[in-house]
Amino acid sequence: MKTMTKPRDRLRIAVQKSGRLSESSQDLLGRCGLKFRQSRDKLFCFGESMPIDLLLVRDDDIPGLIAQGVCELGIVGRNVSAEQVLEGGPGSVAPFAELRELGFGRCRLSIAVPQEEAYEGPQNLAGRRIATSYPNLLRDYLSQNGVEADIVVLNGSVEIAPRLGTADLICDLVSSGATLIANQLREVVSIMDSQAVLIGAPQDYADERTELRELLLRRIDGVIRVRETKLVLLQVSRAQLGAVLAALPKGDPPSVSRLEAPADTLSVQAICHEAINWQHMEDLKRAGATQLVVLPVEKMLA
Ligand code: PRT
Ligand code: ZN
């Protein structure tokens, strides 16, 4: 006989419906083995492979849905979760905790001034009008620096406020910096680094949700680990081996073998657990590496 699963024995995750985090959030959950069937209104996705469902909403609603107990988990920018934590006022206990950094949606919350304006430090912010969608984070930064300024809360198009004359400066999210340049603004200080994070209710549940949450967290950890894992292959002369090994990004102990020819040339194979950028490649080359190849790793079982 088929048994019915009670609603509270399913886990609900809130993710952004459409925006910068939507695709990467769903991709991450897909890589964890979750498959979904979308409802007609496209707001709810029923988990077919596991008792884990998705709620597709605006990102700003995600912390509140967790606080109200509608969802157990959510994926949101740290800028949004940190702003809402501060909403509770000083000393208040956050109704959700940051469980994992997810490594996508990276940006920073920065203060920017009109391009021609001088800036020496936070004292230059005193008495100015600063436009932002993140009043709590900005207020927190200003008070930590002992500065008083007027915060002008805007829910969008923050970057045009100085041109419109509704504010003197702005405090907004920046990733490439192109928007600031297009609006003749100059980034002067970053007040917070942000990326997508998994947030969740801090408590355990008396039912199956605690176990489901643990299982999902283990899979997310696995996906993140493999995503950052690379196989590095290179050749190096025996004399330069020490320098090349020292230049390798963090990882498992590499295996080193002798080549048939040329004599005294070694082949190195290393699993690295860090993102490998062009700077790492150039450092390895300078240390003596040749035939340098970096490959993605699909799956791992150590
Ligand atoms: O509709 P909904 O409320 O769900 O979406 P939204 O419009 O509030 O959010 P969305 O989709 O724009 O962003 C979601 C999350 O993505 C943010 O909360 C951040 O955590 C993250 N993120 C990463 C960014 C950026 N990068 C980003 N560059 N969010 C916004 N921007 C904007 C920024 O506000 C500015 O207007 O992009 C512009 C600057 O970009 P650059 O590349 O020109 O510097
Ligand atoms: Zn939003």
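1. In β3, G47 is the bridge partner of F36, and the strands β2 and β3 (residues 44-47) pair in the antiparallel sense over three bridges. Here strands (E, at least two residues) and helices (H or I, at least four) are DSSP runs numbered from the N terminus, and two strands pair if DSSP finds at least two bridges between them.

2. This is a predicted model, in which local features need pLDDT of at least 70 and side-chain atom pairs count only at pLDDT 80 or more, while totals for chains, interfaces and linings use all residues. Residues are numbered from 1 along each chain as its sequence is written, chains are lettered from A and ligands numbered from 1 in the order in which they are written, and side-chain values use heavy atoms, leaving out hydrogens and water.

3. The open sheet is formed by seven strands in the order β2-β3-β4-β1-β5-β12-β6, with mixed pairing. Its edge strands, each pairing on one side only, are β2 (36-38) and β6 (97-101).

4. The mean pLDDT (the predictor's confidence in each residue, from 0 to 100) of the protein chain is 94, and 97% of its residues reach 70 or more. Over residues 1-6, however, the pLDDT is below 50. Where pLDDT is low, the predicted coordinates should not be read in detail.

5. At ligand 1, oxygen atoms lie 2.8 Å from an N or O atom in the side chain of Q16, 2.9 Å from a polar side-chain atom of D59 and 2.6 Å from an N or O atom in the side chain of N79.

Terms used. Contact means heavy atoms within 4.5 Å. A polar contact is a pair of N or O atoms within 3.5 Å; within protein, one must be able to donate a hydrogen and the other to accept it, and residues adjacent in sequence count only if both atoms are side-chain atoms.
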